[in-house]
Amino acid sequence: MLLETLGSVLIGLALSWAATRHLSERLPSRRAVFTTGTVGALFGAYVTHVALGPGREAATLVGSAAIAAVLLSLLLRPARSARRLHRAFPF
């Protein structure tokens with residue numbers, strides 16, 4: 001269980017680092033990204049461990065990475081485009 005936890009933290013940090021490196025202009029602050037990635041990976045490991053039971057470390061780490069990636073994707077803001085849509089009503 002301890003190795004699953006440490007592995008999940010490392011996976012969360014790695015995914016957060018990759019996200020800030022490649023999508024920094026579309027993400028909020030680095031602190032929010034790294035916190036979300038790490039906590040998301042820990043939560044994913046917990047959920048996967050409870051669902052599958054003990055003895056499935058590889059599957060737990062895959063579930064951890066999946067949930068961390070989903071939570072990090074929720075932080076993405078839309079890309080700024082040169083052309084903006086205008087509404088008929090300003091409100």
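In this predicted model, A58 is located in helix α3. The residue has a relative accessible area of 58%, above the 50% limit, and is therefore classed as exposed. Although A58 and E4 are 54 residues apart along the chain, their C-alpha atoms are separated by 8.6 Å. E4 belongs to helix α1, where it is one of the residues that meet α2.

The wider architecture can now be set out. The chain contains 3 helices and 0 strands, and along the sequence the pattern reads α-α-α. Helix α1 spans residues 2-22, while α2 covers residues 30-52 and α3 covers residues 57-73.

How are the helices arranged in pairs? Two packed helices are described by the angle between their axes and the distance between the axes. For α1 and α2, the angle is about 145 degrees and the axes lie 8 Å apart. The crossing of α1 past α2 is right-handed. On the α1 side, the residues in this contact include E4, T5, S8, V9, G12 and W17; on the α2 side, they include R30, V33, F34, G37, T38 and H49.

The axes of α2 and α3 come within 7 Å and cross at roughly 140 degrees. This angle makes α2 oblique to α3. As α2 passes α3, the crossing is again right-handed. Here α2 contributes residues including V33, G37, G40, A41, F43, G44 and L52, which meet a set in α3 that includes A59, T60, G63, S64, I67 and L72.

The UniProt record, an unreviewed entry, carries the annotation "transmembrane region" for residues 6-23, 32-52 and 58-76. Over residues 6-23 of the model, the chain is 94% helix and 0% strand, with the end C-alpha atoms 25 Å apart. Over residues 58-76, the corresponding figures are 84% helix and 0% strand, and the end C-alpha atoms are 28 Å apart.

Values for the whole chain complete the picture. Of the contacts with a separation of 6 or more, 68% are between residues 24 or more positions apart. Buried residues make up 26% of the 91 residues. The chain exposes about 6,800 Å², of which carbon and sulfur atoms supply 67%.

Definitions and conventions. Residues numbered from 1 in each chain as written. Predicted model: local features only at pLDDT ≥ 70, side-chain atom pairs only at ≥ 80, totals over all residues. Heavy atoms only, no water. UniProt positions renumbered as here; feature names shortened; annotations may be inferred. Helix = DSSP H or I, 4+ residues; strand = E, 2+ residues; numbered from the N terminus. Buried < 20%, exposed > 50% of the residue type's maximum accessible area, 1.4 Å probe, protein only. Contact = heavy atoms within 4.5 Å. Areas by Shrake-Rupley, 256 points an atom, 1.4 Å probe, with all protein chains shown as cover. Axes fitted to C-alpha atoms, helices over the stretch in contact; angles between N-to-C directions. Parallel < 35°, antiparallel > 145°, perpendicular 65-115°, else oblique. Left-handed = near helix turned anticlockwise from the far one by under 90°.
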